[in-house]
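Subject: A structure for you, with notes

Hi there,

Here is the structure I promised to pass on. Please open it and keep it beside you while you read.

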Amino acid sequence: MNELSFTVLVGLGSLVAGFLGSMTGLGGGVVIVPLLTIVFGVDLRYAIGASLVSVIATSSGAAAAYVREGYSNIRVGMFLEVATTMGAIVGAFLAFVTPVNVISIVFGVILLASAALSVRRAEDSPSGKSSKFVERLHLDATYPTPFGPQAYSVQHVPLGFGLMLVAGVLSGLLGIGSGAFKVIAMDQVMRLPFKVSTTTSNFMIGVTAAASAGVYLNRGYVSPTVAMPVMLGVLAGSMLGARVLMSARVGLLRIVFAIVVVAMACEMIHKGLVGNI
């Protein structure tokens, strides 16, 4: 395969990944690494570097709209970014001392968990009374609903902060946004409404990815030949998916995409176990 064919095919594959990732809420980055390593034979660390660049691009494109519409909780996002950024830097350094077959197995396990989380039913949990720490940081806020602004309170901040540290390590180690885990931490633990959790997670993943991408760039694992078509493809696909999402019925698509992710997860685990990656 010559360089032009490689660029075109990687760009098209990334466009499909970004489109499906946007429609299902998993994000395109979660399938970019297995796509590049399994289908195109790209070195795992170069694939992670390209995926991180695509996460930055897609987050930057979508986050502004959600912030403008009033869904994202900027104060919560900025506070939790302290944890995810520290975790991402630790994860990026761990990626260079961890054998690639171990990273492949961990990636496969995380893909399986992400697929399971993507098909679960999302329900908002009732908010309780805010702590003095939350009040001091002014983390409570409102979000728009058809009936006007709806107020909510932020709960269990220390536990949520700790989970964000883990999400950051996974992001730096595997080259993903860890959006599914951030949403779980904010939705289930910190009791933020689901829409606020997903949009605030989208705001955060770009900053998290930028922290670890700097480490990969410094080590020479961000190749323009791979990163450029991936970034453009995922960005175009995610923007197209966001437009179609408003009028599409994604129930069946979500299940089909989860099956594809499970298949990729099994292949990543198999390659990691036999050392063929």
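Predicted model: local features only at pLDDT ≥ 70, side-chain atom pairs only at ≥ 80, totals over all residues.

Residues are numbered from 1 along each chain as its sequence is written, and side-chain values use heavy atoms, with hydrogens and water left out.

**The chain overall**

The chain holds eleven helices and two strands (DSSP runs numbered from the N terminus: helices are H or I with at least four residues, strands are E with at least two). Read from the N terminus, the order is α-α-α-α-α-α-β-β-α-α-α-α-α. Of the 277 residues, 48% are buried (buried means under 20% relative accessible area, exposed over 50%, and partly exposed in between, with a 1.4 Å probe and protein chains only). Among contacts with a separation of 6 or more, 81% join residues 24 or more positions apart (a contact means heavy atoms within 4.5 Å).

**The cores**

The largest nonpolar core has 45 residues, and Leu36, Leu174, Tyr216 and Val230 touch the most other members (such a core is a set of buried Ala, Val, Leu, Ile, Met, Phe, Trp, Tyr and Cys residues joined through side-chain atoms within 4.5 Å). Helix H3, residues 44-69, gives the most to this core, with seven residues. Another core, of 20 residues, lies apart from it and includes Ala63, Ala83, Leu139 and Val157.

Which residues does Val230 touch, not counting those up to four places away in sequence? They are Val10, Ser14, Ile32, Leu36, Ala50 and Ser54.

The C-alpha atoms of Val234 and Ser14 are separated by 4.9 Å, although the two are 220 residues apart along the chain. Val234 counts as buried because its relative accessibility is 2%.

Val55 has a relative accessible area of 4%, so it is buried. Its C-alpha atom is 8.7 Å from that of Leu235, which is 180 residues away along the chain.

**How the helices pack**

Start with helix H8 (residues 179-189) and helix H9 (residues 194-218), whose axes come within 9 Å and cross at roughly 135° (axes are lines fitted to C-alpha atoms, for helices over the stretch in contact, and angles run from 0 to 180 degrees between N-to-C directions). H8 and H9 are therefore oblique to each other (under 35 degrees counts as roughly parallel, over 145 as roughly antiparallel, 65 to 115 as roughly perpendicular, and the rest as oblique). H8 passes H9 in a right-handed crossing (right-handed if the near helix is turned clockwise from the far one by less than a right angle, left-handed if anticlockwise). Their contact has five nonpolar, six polar and two charged residues (Ala, Val, Leu, Ile, Met, Phe, Trp, Tyr, Cys and Pro count as nonpolar, Asp, Glu, Lys and Arg as charged, and the others, Gly among them, as polar).

Within H8, the buried residues are Lys182, Val183, Ala185, Met186, Asp187 and Val189. Their cover includes helix H4 (74-97), helix H7 (157-174) and H9. Just after H8, Arg191 takes a positive phi of about 60°.

H4 also packs against H7, at an angle of about 35° and with axes 6 Å apart. This crossing of H4 and H7 is right-handed too. By class, their contact has 15 nonpolar, six polar and no charged residues.

H4 and H9 pack at about 30°, with their axes 8 Å apart, and are therefore roughly parallel to each other. Their contact divides into 16 nonpolar, six polar and one charged.

Leaving out residues up to four places away in sequence, Pro149 touches Thr142 and Tyr143.

Happy exploring!
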